[in-house]
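Please go through the following structure with the sequence at hand, taking its strands, its aromatic rings and a few single residues in turn.

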Amino acid sequence: MTFLSVSFWLFAHSFVLSIEPARIAPLAMDDTFRVSVNVADVSHFYGYNISITFDSLVLEALEVTQGSFLRRFGITLWDDGSIMPGAVNDIYEALFSSPKAGVGSGTLFSVKFKVIGTDNSQLHFAEVDFTDPDAYLLPCFTLLDGWYGSQNTLNYGEFQISNDDNYQALAQARWIGNISKYCVVWQDMRSGNYDIYGQLVNPDGTLSGANYAVIDSVGNQLEPAVAYNPTGFFKMALVVWTDYRRGADSADIYGRFLYNGNPVTNPEFAIAHHPGFQYNPQIARCGSRYLVIWQDIKDDSGIDTSHIYGQLLTNTGSTIGSPIKISPVPPPYDEWYDNYNFSPAIAAGDSAFLIVWHHYYRRAMQYHQLRSRLIDTLGNIGDIVTIVEDVPYPDYHFQPSCAFDGSNYLVVWAYTANGELQQEIKGQLVSGSGILIDTNFIIYEASNGFVHPPRVNFDGSNYLVVWDEEVGDGADYIKGRRVAPDGSLIDNPFILCSAPYQQTFPSCAMGTSSIVVWQDYRNGTDYDIWGYLGPPIGRKEQNIGCPFADVLHLEVYPNPFSKQTKICFGIEPSAKNTFSTIPSALGIHIYDAAGRLVKSFKHAMLDALSPKQISWDGTDNTGMPVKAGVYFVVFGNRSSKVLHLK
């Protein structure tokens, strides 16, 4: 196993440079993957020169692509990146006539690699120079904690995490990179009142050590959430929770750090300690910053209301600025009989956090919305975007969750209608800049069970959506489905756990494999914490596949093209007597060399076997021209490489 960890103390006013993803599991020969070089918490810089080395017997660098971060800040001089055996180099320089270079966080550039050997390889920053306009070197914190090909991904199935007396519930998991273990936290009643407990889990699904108390203070501690921050000299995770130590009539948000997955000797600290109730916290890490969000109930000019608030923290837990009111509602308040914002969710992108929540209000009728907005690592807040417009009661969309795939976000939620007779899991793609992509879509539709709210994470290739569903006789199953980055459904829904009685409130996280954790009542006495470790997630999946896989036809011409190319597709003539239709799930999708979806022709789906032809004019789904380069046209399991010229 090859492992490299390079860490320097974070200088004052410095920023963070990192390679993501930190771990790439072994791939087949000739497979490709892409890593990004990200910068976080920048106050200013003028130019950079970065070199990355790797094992030229294992990997070949194919392409260096400029990221989105510096393109946001005006004219730049950027070379295409030089590629050498065992090394790549990238250079950026701002023009003197432009404003100073960008601030905040984001992707500087990405490198596409091809697997040419069967061994492991480091990805190592060999040279890093950041300069200001006067050519003075700027201090930066270089973070590298990963490798290619060092750990296989395996399928270990179900395993028990905690079975102590009384109830253990509401589990969450996070991968702790510097020790290569999962950290699972939950609320635990083994001592008579609820405390927060944790457990480390090895990559093979075995437990590392015993359960331990994160916090066992007076009163109840509930609703834990955890995030890992690999920046700084000490790479720590932060656990946050709802704390009732002041009594049942008030609640605060507290946190405590974990080092190497275990509680530090320093005590817990208050993150939100205000009049009223602060509860249901969620946390994510972007760059070297945490953002903790929560639901806040306080007297708002005599109006019955609740809001979503957030607090930025450094990697050492110091607050950055004042709490941010994420869910404002404009006056006049007398038009709003009730106004509640609740069930917040958060995901970290490459330069900002996406926050999603449920908004309920009542005038003459009750209405439900799902809303979202971005907050960057410097505390700048974006506009509110409504994901689902006014839905009158008794229909409602509720309890969202979200994840980031490197370019876009996927928001998922539960939907109920027709007096709870219609139960669905729905999804909506959101761009990295917070804009809705197309319309929302159905991920799962229950035939006769009751669907509880889903949770989602990105596993490096696809989204994994998990939920629990009542299936009758008091039983709940843990179910899941994978969703591709373009929003297409990859396989049939599958059952992760079908043990007796109830399995509820699953959540998921990604490390070397996908882990799913939940509270489990299979002993018939009280809830315990169980987990499932993959991939392939969905060992009980029944994937019928596509009967057309071997008979599809795809052709693209002219190739190369500059203004327009024709895409011809259909079924091979020899198969026309076998099939009468092609399923509507097949369409034409065009991807760039990084694997990002740029164009879909969903209206071109086949309903008959006659050949079809469409034209592509070199624009993306928003109508903007794509840059020159290699693209892949995909129809079912058929693909064709096409070169787009200027």
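Is Tyr290 buried or exposed? In this predicted model, Tyr290 has a relative accessibility of 0% and therefore counts as buried, since the cut-off for that word is under 20%. The ring of Tyr290 has a partner in Phe257: the two ring centres lie 6.3 Å apart and the planes stand at 55°, so the pair is described as tilted. Phe257 belongs to strand β21, which covers residues 252-259, while Tyr290 belongs to strand β25, residues 289-297, so this pair ties together parts that are 33 residues apart in sequence. Phe257 is likewise buried, with a relative accessible area of 8%.

Strand β21 also contains Ile253, which has a relative accessibility of 0% and so counts as buried. The C-alpha atom of Ile253 is separated by 8.5 Å from that of Asn280, a residue 27 positions away along the chain.

A pair of aromatic rings is described by the distance of the centres and the angle of the planes. The structure holds 16 aromatic pairs, and one of them, formed by Trp175 and Tyr182, is edge-to-face, with 4.8 Å from centre to centre and 70° between the planes. Elsewhere, Phe33, Phe54, Phe113 and Tyr148 form one aromatic cluster.

Charged side chains also meet aromatic rings. Arg190 lies over the face of Tyr197, at 4.0 Å from the ring centre, and Lys426 lies over the face of Tyr415, at 5.2 Å from the ring centre.

Strands of a sheet pair through backbone hydrogen bonds, either parallel or antiparallel. Here, four strands in the order β32-β33-β34-β35 make up an open sheet with antiparallel pairing. The edge strands, each of which pairs on one side only, are β32 (396-404) and β35 (436-446), and from one strand to the next the twist averages 20°. Within this sheet, strand β33 (residues 408-417) and strand β34 (residues 422-431) run antiparallel and are joined by 10 bridges. Lys426 in β34 stands opposite Trp413, and, as noted above, this lysine also lies over the face of Tyr415.

A second open sheet, again of four strands with antiparallel pairing, has the order β14-β43-β42-β41. Its edge strands are β14 (157-162) and β41 (503-510), and each of these pairs on one side only; the twist in this sheet averages 25° from one strand to the next. Strand β42, residues 514-520, and strand β43, residues 528-533, pair in the antiparallel sense over six bridges. Which residue of β43 is the bridge partner of Trp518? The partner is Trp530, so named from the bridges that define strand pairing.

Another antiparallel pairing, over five bridges, joins β30 to strand β31, residues 385-392. Strand β30 itself, residues 366-376, is mostly covered, with nine of its 11 residues buried. On the pairing side, His368 stands opposite Val391 in β31.

A loop deserves a look as well. Asp486 is found in the loop between β39 (475-483) and β40 (494-497). Why does Asp486 count as buried? Its relative accessibility is 6%, and because the cut-off for buried is under 20%, Asp486 falls in that class. The side chain of Asp486 is joined to that of Ser488 by a polar contact of 2.7 Å.

Finally, the cysteines can be considered. How many disulfides does the count come to? With a disulfide taken as a pair of cysteine sulfur atoms within 2.5 Å, the count comes to zero. Two of the residues to check in the structure are Cys183, which counts as buried because its relative accessibility is 0%, and Cys402, which is buried with a relative accessible area of 7%.

Definitions and conventions
Residues are numbered from 1 along each chain as its sequence is written. This is a predicted model: local features need pLDDT of at least 70, side-chain atom pairs count only at pLDDT 80 or more; totals for chains, interfaces and linings use all residues. Side-chain values use heavy atoms; hydrogens and water are left out. Buried means under 20% relative accessible area, exposed over 50%, partly exposed in between (1.4 Å probe, protein chains only). Two strands pair if DSSP finds at least two bridges between them. Helices (H or I, at least four residues) and strands (E, at least two) are DSSP runs, numbered from the N terminus. Axes are lines fitted to C-alpha atoms, for helices over the stretch in contact, and angles run from 0 to 180 degrees between N-to-C directions. A polar contact is a pair of N or O atoms within 3.5 Å; within protein, one must be able to donate a hydrogen and the other to accept it, and residues adjacent in sequence count only if both atoms are side-chain atoms. Rings of Phe, Tyr and Trp (its six-membered ring) pair if their centres lie within 6.5 Å; planes under 30 degrees apart count as stacked, over 60 as edge-to-face and the rest as tilted. A charge sits over a ring if NZ of Lys or CZ of Arg is within 6 Å of the ring centre and within 35 degrees of the ring normal.
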